[in-house]
Amino acid sequence: MSQKIKFPGFAVALLLMIASSFLAMGQQVKSTLNDRAKKAGGKLVWRYRAPRSVIYPNVEELAKRSDLILVGKALAHRSNLRADGKFMTNDFLVRVQGVLKGDAPVGESTLISIPGGARKFADGSFAALLPANFKAAEDGRVYVFFLEDKKKKASPYLGHMLVSETQGLFEIRDGKVEPADSVDSDPVVQKYRGMGAANFLAQIRLAVPKKKK
Amino acid sequence: MKRVFILVPLIVLVIWLVNGAPTSRRSQPKDAVLPVAETTAAAEPVSDPCNPCDPDGSGELTCLITGGVWNSDTCYCYYPSCDPSGLLESQCFVTGGVWHPESCYCEVPSCNPSAPVVTSRVPYGHWTECHNGYLWECDGSFVTYTMFCQNGSVFYQWTEYNPVCTNDYTTCGGGGGGGGGGGGGDCWYDLDCWCPNHGDDPDCEDYCWWNYCQLE
């Protein structure tokens, strides 16, 4: 029943150009999380709002821009401070159960870095990065991940990154799709929330060109 | 005595035959292959004509939910390794060990670490969220977990931020963005409400894009 929203090519290109300056996570932040925590009296909860300068209308567009699309179970996670100390991710160990696009070792595990996490610093101060309007991934759950391949792009993170911080993660729960994005007005949320997971996977597969054998 | 030797294997064989193939939840030997395309699952619209052996995707879904790995070319589902649930591997990851998937062996440092225990809980942070039309009051805590070695030294320690949210069925949000920044009254911070600088949205001070706010 999903209807296709068609964006003119130039509009998408323009949006991407505008977006490129905002896309790198937390790069506008000037001080380290440790400094910010100290300045805030020893405890900092950063309600991180991921950039929404690029909003994809559907999974076809998300799929086009993803190097890797994986289905997998989040086994465990650890939070990691970026080398510059200004940003944190939860690095999820994900057992790859299916590869819808790209190359990944099926049946083995891979690391996926998602904004979030917490840390106690050596000086006793605490910092947490809590994404707003985004349901954090949980261990033991099955997700579809739209990813940038870490091998293709230099990255300060340990794992693969979501191609869209806001729209690149979908949980498969009770046979239905639950986008991690919780902004109701987001077209991807409107279109896919509650959709049958099999149908959802089929739509992604249709959007990805078949590999030549 | 000889009869017993014949009888016991026979009983085992009969039980095995009666139960049929192992269920998907049970661990499978490495590279075990189960055709699940024939198993039934919730009906979905036929949506993938490119996948003739599993046109409605139900086989794939059953496979993924049960922790299997799906081969869409052959429509076969297999359950990898000696750790199908991933539990052993996740424990290994948490303890910082090195995982060997082929043998399911976790190489852990020699201190024989304990299970994680909560060694500190520092409550901090309060905020409200509007989800699915209801207002949630949230409080958070920094919780520190520690794993000790047998000699009492710290093996590994990490901190998580655990928010706990409750609601009393107070409604919020209303129809969402349609009105485009009017006064409505039932709009709560943290959502795609008004910005910039709406009084109910203290985070939304520095940057605004398409009615969404961003810090810094």
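Helices here are DSSP runs of H or I with at least four residues, strands are DSSP runs of E with at least two, and both are numbered from the N terminus. On that basis, chain B has 3 helices and 10 strands. Before I go on, this is a predicted model: local features need pLDDT of at least 70, side-chain atom pairs count only at pLDDT 80 or more, and totals for chains, interfaces and linings use all residues. Residues are numbered from 1 along each chain as its sequence is written, chains are lettered from A and ligands numbered from 1 in the order in which they are written, and side-chain values use heavy atoms, with hydrogens and water left out.

Chain B, then. From the N terminus, the order is α-β-α-β-β-α-β-β-β-β-β-β-β. The chain has 216 residues, and 35% count as buried, meaning under 20% relative accessible area with a 1.4 Å probe, protein chains only.

Next, a sheet in chain B. Three strands form an open sheet, ordered β6-β7-β8, with antiparallel pairing. Two strands pair if DSSP finds at least two bridges between them. The edges are β6 (117-131) and β8 (154-166) of chain B; each has a single partner strand, so one side of each lacks a neighbour in the sheet. From one strand to the next, the twist averages 15°. Strand β7 (residues 134-148) of chain B is joined to β8(B) by 12 bridges. Val143(B) sits opposite Glu160(B) in β8(B).

Over to chain A, and a hairpin. Strands β5 (residues 117-120) and β6 (residues 126-131) of chain A run antiparallel, joined by 4 bridges. Ala118(A) faces Ala128(A) in β6(A). There are 5 residues between the strands, and Gly124(A) takes a positive phi near 90°.

Now, where do the two chains' helices meet? Helix α5 (residues 197-207) of chain A and helix α2 (residues 58-65) of chain B have axes that come within 9 Å and cross at roughly 110°. Axes are lines fitted to C-alpha atoms over the stretch in contact, with angles from 0 to 180 degrees between N-to-C directions. α5(A) and α2(B) are therefore roughly perpendicular, the term for 65 to 115 degrees.

Which residues of α5(A) meet α2(B)? They are Ala197(A), Ala198(A), Leu201(A) and Arg205(A), against Ser58(B), Glu60(B), Leu61(B) and Leu64(B). Contact means heavy atoms within 4.5 Å.

Terms used:
Buried < 20%, exposed > 50% of the residue type's maximum accessible area, 1.4 Å probe, protein only. Parallel < 35°, antiparallel > 145°, perpendicular 65-115°, else oblique.
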